[in-house]
Amino acid sequence: MGGCTSTTAAEDPAAPTASTSQRKWTRNSKKRADFQLAFLGLDQGGKTSLIHSLVYSQHYSSDAASDGGTSGAPGGETAASGAAPAPSSSDEPAASVGRAIVPPPTSTILSNVVLIEDERIELIDLPGDPKERRRWEEVVDCATGVVFVVDSADPMRIPVAKRELWNMVNRLRDKCLPTLVLANKQDVDRAMDVHNVAGALDLLSLRSLTDPAPITVRASSMFNPTDTKQALKWLLTAVVSLASLKKAEGEMDDLADF
Ligand SMILES: Nc1nc2c(ncn2[C@@H]2O[C@H](COP(=O)(O)OP(=O)(O)OP(=O)(O)O)[C@@H](O)[C@H]2O)c(=O)[nH]1
Ligand SMILES: [Mg+2]
């Protein structure tokens with residue numbers, strides 16, 4: 001399978017690490033990050049908000065060491081004085097909630113690159129709208145890992161999330177992709193905890209389908225990017241371990257051919 005990046009005017013090797021661009025997904029073009037993580041999940045689950053929180057936590061922490069807080073914001077916007085970031089997902093303005101934002105529903109595939117432990121990680125934001133879910137496959141097919149975001153405060157829609165997660169895993173079984181489920185909106189009082197979310201999605205059974213690619217669930221909230229980053233580190237470690245396992249298996253197969 002060829003590499004997978006996009007055709008975009010922002011396809012610039014010198015682009016800032018926290019950048020947002022609208023992308024058309026095609027194969028066989030050059031990669032711009034070390035890892036590609038596809039963020040999937042139902043609409044309103046919080047994918048875009050989580051990505052924004054990661055990008056902005058990076059932005060604010062790197063500001064302290066660099067330019068005092070006036071450059072490098074997603075979408076090329078200035079984010080001085082804690083101003084709400086510009087929406088990356090459509091042309092509409094985002095409403096702000098304190099330092100957080102309320103993004104409009106994502107209508108196209110978007111890309112942000114962040115640095116985690118010196119690795120360039122591409123966070124690919126997909127629309128969760130039912131009509132757009134068929135596009136997930138196009139991107140997951142090119143990704144190195146999957147982040148499936150679940151709205152833990154919306155138990156009524158967990159069965160739909162389960163169906164979409166199982167469908168995606170079934171369709172892409174051959175790809176053998178490590179999967180991180182984020183039980184999001186843990187800041188909401190009524191939110192289901194991670195154990196209940198894991199049970200409702202029947203992750204134990206799903207594990208037998210994804211094996212040897214691991215799948216796990218972690219708590220998240222857009223107000224806690226540190227936890228989200230820790231969860232992503234688990235996913236990156238899983239991606240690297242699985243690649244080593246596949247390489248070792250390949251070498252064993254080569255030896256067996258002699
Ligand atoms: N309380 C709380 N609200 C959240 C959290 N994450 C997202 N939200 C809110 O949930 C709503 C949907 O968030 P989005 O980030 O747009 O969700 P999405 O998954 O990107 O939705 P689509 O783009 O439609 O697929 C917004 O009103 C957010 O402010 C969270 O961790 N806690
Ligand atoms: Mg979105």
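The numbered points below comment on a predicted model of one chain and its ligand.

1. Overall make-up. The chain has 258 residues, and 41% of them count as buried. Its secondary structure consists of six helices and 11 strands.

2. Confidence. The average pLDDT of the chain is 78, and 70% of the residues score at least 70. Over residues 1–22 the pLDDT is below 50, although the model gives this stretch 52 contacts beyond near neighbours in sequence. Residues 63–98 likewise stay under 50 in pLDDT, and for them the model has 59 contacts beyond four places in sequence.

3. Strand 10 and its burial. Strand 10 covers residues 179–184, and six of its six residues are buried, so the strand is largely enclosed by the rest of the structure. Thr179, Val181 and Ala183 point one way from the strand, whereas Leu180, Leu182 and Asn184 point the other way. Residues on both sides of strand 10 are buried.

4. The neighbours of strand 10. Which strands pair with strand 10, and in what sense? Strand 9 (residues 145–151) pairs with strand 10 in the parallel sense over six bridges. Strand 11 (residues 215–219) also runs parallel to strand 10, and five bridges join these two.

5. Helix 3 spans residues 158–171. Together with strand 9 and strand 10, helix 3 makes a β-α-β unit, and this unit is right-handed.

6. Cys176 lies in the loop between helix 3 and strand 10. Its phi is near 55°, a positive value in a residue that is not glycine. Cys176 counts as partly exposed because it has 13 C-beta neighbours inside 10 Å, and a residue must have 20 or more to be buried.

7. Lys185 is found in the loop between strand 10 and helix 4 (194–201). Lys185 also has a positive phi, of about 65°, although it is not a glycine. Is Lys185 buried or exposed? Lys185 is buried, because 25 other C-beta atoms lie within 10 Å.

8. Cys142. This residue is placed in the loop between helix 2 (136–140) and strand 9. Cys142 has 21 C-beta neighbours inside 10 Å and therefore counts as buried. Cys142 and Ala38 are separated by 104 residues in sequence, yet their C-alpha atoms are 8.8 Å apart in space.

9. A cis peptide bond. The bond from Asp211 to Pro212 is cis, with omega near 10°. Pro212 is found in the loop between helix 5 (203–210) and strand 11.

10. The surroundings of ligand 1. How many residues surround ligand 1? There are 22, and the closest are Asp43, Gly46, Ser49, Thr106 and Gly128. Helix 1 (residues 47–65) gives the most to this shell, with three residues. By class, the shell around ligand 1 contains 10 polar, seven nonpolar and five charged residues.

Note on methods:
Residues numbered from 1 in each chain as written. Chains lettered and ligands numbered in written order. Predicted model: local features only at pLDDT ≥ 70, side-chain atom pairs only at ≥ 80, totals over all residues. Buried ≥ 20, exposed ≤ 12 C-beta atoms within 10 Å, placed from the backbone. Helix = DSSP H or I, 4+ residues; strand = E, 2+ residues; numbered from the N terminus. Pairing = 2+ DSSP bridges. Right-handed = clockwise from strand over helix to strand, strands pointing away. pLDDT = per-residue confidence, 0-100. Contact = placed C-beta atoms within 7 Å. Near = placed C-beta within 6 Å. Nonpolar A, V, L, I, M, F, W, Y, C, P; charged D, E, K, R; others polar.
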